[in-house]
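Biologist: I'd like to learn how to read a model like this one. Could you walk me through it, feature by feature?

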Amino acid sequence: MDAIEEKPPLRCAECDREKTHYNIFLSPTNEEKVVCWECLQRTEKGFNAKRGFRREGRHGDIPR
Ligand SMILES: [Zn+2]
């Protein structure tokens with residue numbers, strides 16, 4: 001069975017366009033920041049030097 005996740009389009013904080021594929025980041029001040037996948041990819045490439053921003057985070061312990 002395919003569970004289709006329907007999300008309403010939200011405006012990306014980076015490119016200022018409405019996107020249906022995005023991630024929402026919660027800042028320390030509890031603000032939600034919407035970043036679309038395109039901007040995410042751009043950010044990953046541009047900020048590769050940032051430590052801790054590697055794949056390790058993807059298959060580490062994910063708190064549930
Ligand atoms: Zn964007």
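Modeller: Gladly! Let's start with contacts: two residues are in contact if their C-beta atoms, placed from the backbone, lie within 7 Å. In the protein chain, residues 24 or more positions apart account for 12% of the contacts with a separation of 6 or more. Please keep in mind that this is a predicted model, where local features need pLDDT of at least 70 and side-chain atom pairs count only at pLDDT 80 or more, while totals for chains, interfaces and linings use all residues. Residues are numbered from 1 along each chain as its sequence is written.

Biologist: How many helices and strands does the protein chain have, and in what pattern along the sequence?

Modeller: Helices (H or I, at least four residues) and strands (E, at least two) are DSSP runs, numbered from the N terminus. Here they come to 1 helix and 4 strands, and the pattern along the sequence is β-β-β-β-α.

Biologist: What does pairing look like for β3 and β4?

Modeller: Two strands pair if DSSP finds at least two bridges between them. β3 and β4 (residues 32-36) pair in the antiparallel sense over 5 bridges. Asparagine 23 stands opposite valine 35 in β4, and isoleucine 24 has valine 34 in β4 as its bridge partner. As for side chains, in a regular strand they alternate between the two faces of the sheet. β3 and β4 also form a hairpin, with 5 residues between them.

Biologist: Which residue in the turn of that hairpin has a positive phi?

Modeller: The general idea is that most residues other than glycine have a negative phi. In the turn, asparagine 30 has a positive phi of about 70°. Aspartate 16, in the loop between β1 (10-11) and β2, also has a positive phi, about 60°, although it is not a glycine.

Biologist: Are aspartate 16 and asparagine 30 buried or exposed?

Modeller: A residue is buried if 20 or more other C-beta atoms lie within 10 Å of its own, exposed if 12 or fewer, and partly exposed in between, with C-beta atoms placed from the backbone. Aspartate 16 counts as exposed because it has 7 C-beta neighbours inside 10 Å. Asparagine 30 counts as exposed because it has 6 such neighbours inside 10 Å. Across the 64 residues of the protein chain, 5% count as buried.

Biologist: Why does cysteine 15 count as partly exposed?

Modeller: Cysteine 15 has 13 C-beta neighbours inside 10 Å, so it counts as partly exposed. Its place is in the loop between β1 and β2. Leaving aside neighbours within four places in sequence, cysteine 15 is in contact with Cys36, Glu38 and Cys39. Cysteine 15 and cysteine 36 are 21 residues apart along the chain, and their C-alpha atoms are separated by 8.2 Å.

Biologist: And which residues does threonine 20 touch, not counting those up to four places away in sequence?

Modeller: Threonine 20 touches Lys7 and Pro9. Threonine 20 lies in the loop between β2 (18-19) and β3 (22-26), and it is exposed because 11 other C-beta atoms lie within 10 Å. From C-alpha to C-alpha, threonine 20 and proline 8 are 6.4 Å apart in space, while they are 12 residues apart in sequence.
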